[in-house]
Structures are given as C-alpha cells and as structure tokens.
Amino acid sequence: MAQSLELLLIQFLMPDNDARRQAEEQIKRLAKDPQVVLALAQHLRTAKTPNVRQLAAVLLRKKITGHWAKLSPQLKLLVKQSLIESITMEHSPPVRKASANVVSIIAKYAVRAGEWPDLLPFLFQCSQSAQEDHREVALILFSSLTETIGNAFQPHYAALQALLLKCLQDDTSNRVRVAALKAVGSFLEFTIDGDEAIKFRQFIPSILNVARQCLSSGDEDVAIIAFEIFDELIESPAPLLGDSVKSIVQFSLEVCSSQNLEPSTRHQAIQIISWMAKYKHSSLKKYNLVIPILQVMCPLLAESADADEDDDLAPDRAAAEVIDTMALNLSKHVFPPVFEFASLSSQSTNPKFREASVTALGVVSEGCLELMKGKLESVLHIVLGALRDPEQMVRGAASFALGQFAEHLQPEIVSHYGTVLPCILNALEDASDEVKEKSYYALAAFCEDMGEEILPFLDPLMGKLLAALQNSPRNLQDTCMSAIGSVATAAEQAFIPYAERVLELMKSFMVLTNDEDLRSRARATELVGIVAMSAGRVRMEPILPPFMEAAISGFGLEFSELREYTHGFFSNVAEIMDDSLTQYLPHVVPLAFASCNLDDGSAVDIIESDDENINGFGGVSSDDEAHDEPRVRNISVRTGVLDEKAAATQALGLFALHTKSSFAPYLEQALKILVRHSGYFHEDVRLQAIIALKSFLTAAHALFQSQNDQQAKAREMLDTVMDIYIKTMTGDDDKEVVAQACTSVADIIKDYGYTAIEPYMSRLVDATLVLLKEESACQQLEDDSDIDDDDTEHDEVLMDAVSDLLPAFAKSMGSHFAPIFANLFEPLMKFGKASRPLQDRTMVVACLAEVAQEMGAPIAGYVDRVMPLAIKELASSEATNRRNAAFCVGELCKNGRESTLKYYGDILRGLFPLFGEPEPDDAVRDNAAGAVARMIMAHPQSVPLNQVLPVFLRVLPLKEDHEESMAVYSCVSTLVLSSNQQILALVPELVNLFAQVVVSPVETPEVKAQVGIAFAHLISLYGHQMQPLLSNLSPAHASALGAFAPKS
C-alpha cells in the first residue's frame, strides 16, 4: 500500500483535473483500510517534497479518528514517533503545523486513555528549545490541545502560565511571540475558573508590547490577535482586567486614531472600546476614561470610509456605535462632552465636522434622553440650524437627528412643534433625495406622538405628502407612506377628509408584484390599516373587501416584510371591525398560523482547520469528519422572520379579543402556538405571546361562559396562562416581557376577581417578592465584577408594572390582603429612599396610595412609615410626584383614621402651595383638592374649615383628573347638607361651582346628582334669596341647575 499510496499522493497534486479526480477516488478506497494510517505516517516523514508530506498529514488527520482504536499498540507507537520526529526535524513550517494538528486529534484519545504519558513533558521541553521552530510548534500544539485535552493541563497550569509569559517576551523571535499570543487566547477561552483566569492580568502588558512592536514593523495581523484576546478578557464573567482597562483603552485609542493603519485593524480597536462600553462601563467611569474616549470617538464621526472600502469598517459608523453604547450606560457622563463637541463642531468650516455635530446629538438621544430634554432648546438650535446648511450631508444628518429626537425625546419634543414642523416641511422640498428621505423619517417619528397640535399643519402637510407620493422614486414613496401613517395617527378623526384619496392611491401599490416593489406594497398595506383606524368601521366596512383580497394575495409573493406588515393590517382591521371580522377568520387565521410556524432561519457557518484548504487539499472528503470538532464562526438570524412571527402572534391575540366565541375553532391550535412562543428565544416574539395570552383568556371566558359544561376547560386554560405568567415574572431575562406579564396578571385579577386567582396566589406573591427584591432573571447585572452600588439601575417600566400588582391584590382581597402586604412592604419601601431616583419614589407613593384605597383600615399600621415620605414628595420638582403624593396623603387620611391626625398640620402646609398660581399642573391641583376633601370627610373637626374652604373652592371645578370628582363633590355636598356654617358662608361660590358641574360633559350622572341634591338643599334654606345668584348665571347654566331645584 505504501508505494501505491505515495504515487497517488503525487498524482493528486498534479494540475491535470482528470488525474487528480482519479487519484482522489483511489485514495478514498485505500483510506477505508486501517493500514493507511501507518502508510501516511511513513510518507509524512519520507516523502521527498513538502507538498506530499503536508498532504499526508492532512489525510492522516482526517482518517485517524475512525481508525485509531483498531490499531495495535505497536502501530500506535510508530505513528506517535513519526509525528514527534516530524515536529522536531521537519524544515517546512506548513508540514510541522499539519503534523501538530494530527497530534492534537490523537491526543484526544491517547492522553485520556493514558497511552501517551510523555507528550506533555515533550512539549514543555520543546517550548524551551534553543531552536525557534521547536518553540513555535510547541506553542501551536499547546493552543490546539486545549480543545481536546484541556483538563490534562490543570496540574501544570502554573508552569504553563510562566512559560507563555516567557514566550510572549521572547525578544529573538516574532514567530514565537505570535504563537504565544495565540496560545494565550486558547488558554483564556478554556479557563473558566475565576482564580486561574485572574492570573491572566499579568499578561496584558506583554500582549500590549508585542502588539505595539508588530504595528511599528507593519505586522498588523498580530495586533488583531491581541485585540481578539482583549475581546475574550472583556466578555469573560471573571474580573480579568483590573486596572489594565486603562492601558487597553489607551492602546485601542492610539490604534483607532492612526489613519495610516488598515481599516480592519482600526475597526478592531474601535470594537474593543465598544465592548468596554457595553460590558465594563463602570470601569470606564472609575478610571476617568469616558472623556478621553469621547475625545477620540466624536472626531471619528467626521471620518468616513473611502469609496473602495467596506462600509462595515467605516470609522464613523463604528464610532457612532461606541458613543451610542456609552450613552445608554453612562448618560450623565457622556452628554456634557458630546454636547460641547456638537456646539463647537456646528461652527466648523469643515462640513464633515458640522455633520458630525448633529450626528453625535442624534446618536446619544436615546441614552441621554433626560439630560437632553433639559437642554432641548440649545440642542434644537444646533440641529435646526444644520437643517439649513448649504451642504447636503449636514442637512441629511440633521434630518436623521430630528427623527431620533422625535423617537426618544417624547413628550417634550412635541411642545416645540411650532419651530420644528415648519423646518421639516421646508426640508421635504430639499433638492437632495437623501435629505428628503430622512426628512420623511423625521416627520413620521415627530407626528406619531402629536395630537391636536398637528391640526394647523394638516393641510399643508398632506398637500406635500400626497404630491410626493405620486411624483417620487420608490424609496421616497416608502418613507412618504410612513409619514402619512404618522400624520393619520396624530390627526385621528381630522384625517377623514384625506382618507378616501389616500386609500385610492394605495390600491395601485397593493397590487405590485415585482420583487423590487414589494417593500412599497408592504408600506401601502400598513398605511391602509392605519387610515382605517382613523376612518372607522362605518366608512371602512363597505370598501374593505378589495383591500382584504389584495392583502391576502400578497402571501403568495414570498416576501417576509410584506407578510409582517399584512399581519399588522389584519390587526388594525380586527380593532375597527370587532366581531364583523368573523367572516374573514377562515382566511386570515391560517396565514397567521403559517407565519408562526415558519422555520426560524438560524444559519451557522462552520470553519474547518486552516490546513485543510491549503493548495486545495480540502477536496478529499472523510467518512468520519463528524467526529472532528469544527468551531462555530458565526450565527446569523433572519430578523425578517422574527418580525413576521411577532406580527402574526399579535394578530392572533387581536383576532381572539375582538371575535371572542367566534374564534373557538382556532383556539386550541392557536393556544399551542402562544405557549411555544412564550418561551421563544427572541424577546419580541415572547412579548407578543404574553400580550396575546390575556386576549385568549377573554375569548375563552366569553366562549365557556355560555357553556356550563366547559368550566373544566376554562380552568385548564387559566392554569396554562397563569403558569406561563408566573414563570415569566422570575425566569424571563427581558424586562419588557416581564413587565407585560405583571400587567396581564394585574388585569386578570381585576377582571376575574380573587376566586379565580386564589389557587395561584402563593406563587404570585413569591414572584412579586422576587421582583421587588430585584432578584429575578431580568434584573441580574450583566457584569457584576465592575459594578458598584451607585450603578445598579432597574427599569422604570418594569417596576411600575410590578407595583401595580399590589393594588390589584388589595382590590381583590380587601382587608384580607394585610398579611401578604406585611411581607411585601419592606422590599417596596426600599425604592422610596431619598437616594433613589424621582420615578422610584413616586412609584412607591402611588402604589401605597392605591393599596390604602383598596385594603382599607389595615393601612393604619403603616402610616408612620409612609406619611413622612408622602409629605416630602408633595414638594417634589416633578408634577407626577406631587400628584401621586397628594392622592396618597388623602387616601391615608381616609383609611388610616386616628393614626393620621398628628400629621394633619404638616399635610395642609404641604398641600397649600399646590392650590396657588405657581403650581403649573391642573392634575396636581385636582389631586390636592381630592386630598383635602378626604381629610375633611375623615376628620372635619381637625381641619380649619374657615381657612381651608375658600382656598379649596377657588380651584374648583376639577380641570383634568375627574377620578377625584366623587371624593371632592361628595365632600362639598355633605358639608352643605349638614348646613355647615363655614361652607354656607360661601353660597355664591357654591352656586357658580354647581352650575359648572351639572353642565360638564365629563362629569358622571352620579356626581351631578350629588351636586343637585346639595343645590336643592340650598334652595330649601334660602328660597328666593337665591334668585339674584341664579340670574348672574348664563341661561344654559341657570337652566341646567334649575332642573335640580325642588318642584313647588
């Protein structure tokens, strides 16, 4: 075999394809015999040319796994000796490397079986050889062996670390230093024990030295190896960096600032800064690195890739990602230097820097939103100025920034509509299509959260948008349709005059079938759904069929984005059509099922070892390649499929919610999908599943209520849904998903009462306690090695949702909630500490107010802990905090009874400023009035009515928060009906107030009846003396009030 195999190896390397193919077929046949191993090992040592020796090693690596166990001990020994000889005596580096790869494969079996005890001593000896080749190949083997026999190195770990450090500092051989770098990376990846991993800190100075030397000699590939090692160090959960963060950041900043280096090298350096910002952001703050980083990153925004370079490596794009990540994690440290850069650069004569100034502001608007809101006028001055810049690139960046502001700086940005909207309208006329496109994006984002403020602009806006829709290229039409959708959402009923024209135009888009037009078709389908919401059922129902038909036919075009937007369209139709959607369910539900059941589309690329593709050697396949361990290079996900699944899941929920019992034929199959999606790997799909499950309960409730024999099914479904919600509360790692689960649970409690949720109460309370203690999966810090207490942040939306559970429990249980509340109280109060953010404190105060309202008398035991916090919050700088505090003190006084009396003086002093002109918020004033009303009703003798009532009545009627109406007007009526002398001294004010209440379109009949009874009592007391007061009223007021006068 040996002689024929050598000829075949030579033939395989010939340029003649036919000869090569024949050789490959015969090699495959011979390779099935275990004796091929010895023959290949022999050729590895004796073949005359390096190419043949290398090919022998590659084939040996492929076949050794399947044949090793079949070889005798003597043959195994011969193979191992041949490999050791090749490693130590071979002159060709590729052959040495190929032989080392074979050693790595054999070691996986031989070392574990105790058949190669002298391998590691040999490698240690080799690594200290005077010969450069021996040191290099030993290090290469150390690297590859970590993947196969890593555990065998554990007893030698200290010696290995010392060896690697020594080789990193080898001043005679660059090849050895490179091999040492790679070996460090391999051992780092293998090392999971924290104590051992921390020792890698001492390697960092040497790694940096090697990288600097190689950069100066033009060997940039080695620097990239160093960055890959830093990447591993940064992402490791062990605290591997320590104060080396400073030197790594400094080196990375040097590299990414060096324009003479390759784009890929600079990109690697920027990526290291990006990972630092993501995983080690508190270290950046601790070592004062935020400003030095921004001083490099902000100017990089003005540097784009050359025309012939990969956009993904563009320094401006990578720098923007770093700044964005830093803003999200270190907002208060990032905004001041970014704003300073933007202010200075906006005045630059270099248009690239003017562009960078507004790009920077747009990029940080999400992370620094609270700080930007405080400087919104100054920020808008820069961006709106840039929107008028003579350079297209600057105007485009300004439009993008405005879109970002509109997305993230709500609701404050909308109050500037008077200056912003005219500027966007002008930008829609820009000569550049790129600026127009970004302006449509800005307009869409800006209008989405507007309400009636948009009405003065509606006509000029729609004039321009409709004209653009008919006369623009496809990409502009797409963004134009998004803008029209936002305008329709903001204008609501006022959009109806434009609806018919828009819908007519959409018909031509919804029948497009060319691949390049399908995105436009998707946008048109979405827009029809939005316009339908404005137009309403009565207008849409007669004209809906052709739109539904076009939408359904789009599923045959195999375009995920179109299917996604069509599910959104169906969702909108469900909301306006309600139970009339039933006729379409047989068509739309199967489409939603199909999208939900789509393959996830995960794609994994595998890289085999480098040596298999040298000179085409990879062509020889292997039966047992499956036994080898390829490494995963990249996992990519088709996000379009995710978006489609999320939209289809949402649609199923809305179909069930609006058609209720008509959804019965689909309920079981749809529920299986939602259960599966509640544990889906991507949070967007899980979120929609969690929302839809509550809608399914509503549908099931309607269905089973009419069928007494179906109660077991109803309970089974509730069990399924509640089990998912409770597991999600503590086990899901996404805060928005958990928040939605909490909100859904609170809604279920309100809808179905304590009896329905009693079986789950113990688990629900446990899950709530975990969340209040911030111990759930979604509250775990990504990197607890570098975070200090000041940096522990929770999500406001999450904790608001968690805090809503307590009032829901209290509402369903009343005073029986008291023992449970006793366990939840202290964890809740932690959020009310003075060191907590304003939104935390108001969350606690609002929660306690509602618990007091629903639990009643047991709240008295907590008054001394809660009242001081609520009184303090009355003076908060935030209107929401003042409003919730006023509500809270009122409910405490109402339900806490005698325990609150000692606080009455402090409460009245805290409330008094909320009744005056300086208080800008009507809702705050309304809640202050509600608090005073509850205090009077609870303990009228403890309130100085002669001082309080004139101030109290002066702010009535209520302006905004009409949930306070019953408390306020019941108090006034009670005082009048009891003929209280303090209030009877204010009859003119009372008559005027009562008249406004009874004509109010927002007050309930019950409230008006209360006021009417009090007015009738005044008539009975004063008779004709009331006539002058009534004659001072407008005829409408007098007539409405007169209806409540006693009939003579």
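**Notebook: domains and aromatic pairs**

I began with the domain assignment of the protein chain: domain 1 covers 194-287, domain 2 covers 323-449, domain 3 covers 826-961 and domain 4 covers 970-1047. The model is predicted. I then took the centres of domain 2 and domain 3 over C-alpha atoms; they are 40 Å apart.

Next I checked the UniProt record. Its unreviewed entry puts "domain: Importin N-terminal" at residues 23-89. I find that span to be 81% helix and 0% strand. Its end C-alpha atoms are separated by 29 Å.

I turned to the aromatic rings. The count is 15 aromatic pairs. I looked at Phe555 and Phe570: the ring centres are 6.3 Å apart and the planes meet at 5 degrees, so I noted the pair as stacked. Planes under 30 degrees apart count as stacked. Phe555 sits in the loop between helix 31 (544-553) and helix 32 (560-577), and Phe570 is in helix 32, so the pair ties together parts 15 residues apart in sequence. I have both Phe555 and Phe570 down as buried.

My next pair was Phe663 and Phe696. They are edge-to-face, with 5.5 Å centre to centre and 65 degrees between the planes. Phe663 is in the loop between helix 34 (639-659) and helix 35 (664-677), while Phe696 belongs to helix 36 (residues 683-705), so this pair ties together parts 33 residues apart in sequence. I looked up burial too. Phe663 is buried at a relative accessible area of 1%. Phe696 is buried at 0%.

Last, I noted a cluster. Ring pairs join Phe809, Phe817, Phe821, Phe825 and Tyr862.

Definitions and conventions:
Residues are numbered from 1 along each chain as its sequence is written. This is a predicted model: local features need pLDDT of at least 70, side-chain atom pairs count only at pLDDT 80 or more; totals for chains, interfaces and linings use all residues. Side-chain values use heavy atoms; hydrogens and water are left out. UniProt positions are given in the numbering used here, feature names are shortened, and annotations may be inferred rather than shown by experiment. Helices (H or I, at least four residues) and strands (E, at least two) are DSSP runs, numbered from the N terminus. Domain bounds come from an automatic or database domain assignment. Rings of Phe, Tyr and Trp (its six-membered ring) pair if their centres lie within 6.5 Å; planes under 30 degrees apart count as stacked, over 60 as edge-to-face and the rest as tilted. Buried means under 20% relative accessible area, exposed over 50%, partly exposed in between (1.4 Å probe, protein chains only).
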